[in-house]
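Biologist: I have a new model on my screen. Can you walk me through some of its parts?

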Amino acid sequence: MKVAVIGGGAAGFFAAINTKIHHPNASVTLLEKSKKVLAKVKISGGGRCNVTTATEHISNLCKAYPRGGKQLKPLFKRFNNKHTIDWFESRGVPLKSEADLRMFPISNRSQSIIDCLLGEINKLGIKVELGRSVSKVTHKVKHGHSNYQLHFNQTNTPPVYFDKLIIATGGSPKVQGFEWLKTLGHSISLPVPSLFTFNIKNPALNQLMGLSVKQAHIQIQGQKLKSEGPVLITHWGLSGPAILKLSAFGARALNELDYKFNIQINWINEHNQEKSAASLKVFLENNYQKQIGKTRPFAFPSRFWDYLLKRSQIDPQKKCGDIGKKGLNKLIQVLSYDIYTVNGKSTFKEEFVTCGGVELQNLDLTSMQSKHCQGMYFAGEVLDIDGITGGFNFQAAWTTAFIASQLK
Ligand SMILES: Cc1cc2nc3c(=O)[nH]c(=O)nc-3n(C[C@H](O)[C@H](O)[C@H](O)COP(=O)(O)OP(=O)(O)OC[C@H]3O[C@@H](n4cnc5c(N)ncnc54)[C@H](O)[C@@H]3O)c2cc1C
């Protein structure tokens, strides 16, 4: 049996290696269009590769995927983050988890993951061919057996034949990137970017760059989209887990808004305004002799508290006891209903994923096999599956590749 894996990223490598493990007699060839394999793994996680997550329970794992979470559930029962950890650790790459459950190689180097994958490829005798950009696939069924002919962009390269294919070509920002898969009968969900930060032009806010607020609640005005968690202030706007999560869950809706919308932020993540007012009132009463600018309610960094006071038009030198009802109301309004205009997006440490791709209804999800082309399987970001940051995108690549590699 001749198997070709198209795409030399995380999903392609994992699929090729596990195909050879599941089918030792198969001849496995990995075809990569560029001159470099595992390019994204190398730069992932700021060069440390956030290889998976320490999230417990499959149901929690699924919640991290704005698209594909439900469909991943049965697949995670067969290969989840615990299997990923075992897979790498049993091949000499110990992993560690951080407080936010992200998992990295103990070496803190993505190269450890790359060395492991390359080592397995060599050990198993898998051929890797670089500079092989597949432009077209033709599919024939002869005597009940599939036969695939691969054509390449390079004109001097003759077509080659395989019995089975695993497509692991990753995401593409343009729908044209999926054209050759569409020709084979697969429907494509329009690709749009996911995982981005919000551009907000507000000099006073931008000056606070580097500062983070531990637990904020953010909502997109006019939409049901909301998220909560840490928010990081940057020189161009807002970033951090709560913003990235919102960008992922809102990837399509925010694209439709051309990345121009208003957000309302609850900096204390307390939705009951009366409760917020009551606790602030008690705080002010307990500190009535102190200048409000010298206090630090809600454990805010002092620079951030100064900013909020300014935004509420409260003189920081005023004593807490002299704020009055009007001042208290204005402060509560800013703390729990602070509105900003977002105009555009930026990437976060160059990390992004594609929302969209080959629609999952094209596949038999017990095997990742195409319903249109027998013997053609899919894995990784080429699919309409994407996760929030935290190792979930690699986990989807490992899981789908592992299942596809069974060639069932
Ligand atoms: C900067 C950055 C940092 C990231 N960090 C993390 C992280 O720490 N943790 C995490 O979980 N996720 C992270 N991600 C997301 C993660 O990298 C991707 O989800 C993952 O790499 C997808 O793997 P893949 O193999 O499906 O696709 P890719 O890694 O994109 O690989 C696809 C490969 O296929 C090749 N290819 C494409 N078309 C063809 C063709 N026609 N013929 C032959 N070859 C082709 C491409 O050249 C490429 O090498 C990061 C993404 C970026 C951009």
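Biologist: Let's start with β4 and β5. How many bridges join β4 to strand β5?

Modeller: Three bridges join them, and the two strands run antiparallel. Strand β5 covers residues 102-105. Keep in mind that this is a predicted model.

Biologist: Which residue does Ser97 stand opposite in β5?

Modeller: Ser97 stands opposite Met103.

Biologist: What is the order of strands in that sheet?

Modeller: The order is β3-β5-β4. The sheet is open, has three strands and pairs in the antiparallel sense.

Biologist: And which strands stand at the edges?

Modeller: Those are β3 (52-53) and β4 (95-97). Each has a single partner strand, so one side of each has no neighbour in the sheet.

Biologist: Which residues is Ile106 in contact with, leaving aside neighbours within four places in sequence?

Modeller: Pro94, Leu95 and Lys96. There is also a C-alpha separation to look at: Ile106 and Val93 are 7.7 Å apart by those atoms. Along the chain, they are 13 residues apart.

Biologist: Now the helices. At what angle do α2 and α6 pack?

Modeller: The angle is about 155°, and the axes are 8 Å apart. Helix α2 spans residues 39-47, and helix α6 spans residues 110-124.

Biologist: So are they roughly parallel or roughly antiparallel to each other?

Modeller: Roughly antiparallel. The cut-off explains why: angles over 145 degrees count that way.

Biologist: And the crossing, left-handed or right-handed?

Modeller: α2 passes α6 in a right-handed crossing.

Biologist: Which residues make the contact?

Modeller: From α2, Val41, Lys42 and Gly47. From α6, Ser110, Gln111, Ile113 and Ile114. By type, the contact residues divide into three nonpolar, three polar and one charged.

Biologist: New topic. What about the sheet with β7, β8 and β9: is the pairing parallel or antiparallel?

Modeller: Antiparallel. This is an open sheet of three strands, in the order β7-β8-β9. Its edge strands are β7 (134-142) and β9 (160-162), and each pairs on one side only.

Biologist: By how much are neighbouring strands turned against each other?

Modeller: By 25° on average, direction ignored.

Biologist: How many bridges do β8 and β9 pair over?

Modeller: Three, again in the antiparallel sense. Strand β8 runs over residues 145-152.

Biologist: Last one. What is the bridge partner of Tyr148 in β9?

Modeller: Phe162.

Key. Residues are numbered from 1 along each chain as its sequence is written. This is a predicted model: local features need pLDDT of at least 70, side-chain atom pairs count only at pLDDT 80 or more; totals for chains, interfaces and linings use all residues. Side-chain values use heavy atoms; hydrogens and water are left out. Two strands pair if DSSP finds at least two bridges between them. Helices (H or I, at least four residues) and strands (E, at least two) are DSSP runs, numbered from the N terminus. Axes are lines fitted to C-alpha atoms, for helices over the stretch in contact, and angles run from 0 to 180 degrees between N-to-C directions. Angles under 35 degrees count as roughly parallel, over 145 as roughly antiparallel, 65 to 115 as roughly perpendicular and the rest as oblique. A crossing is left-handed if the near helix is turned anticlockwise from the far one by less than a right angle, and right-handed if clockwise. Contact means heavy atoms within 4.5 Å. Ala, Val, Leu, Ile, Met, Phe, Trp, Tyr, Cys and Pro count as nonpolar, Asp, Glu, Lys and Arg as charged, and the others, Gly among them, as polar.
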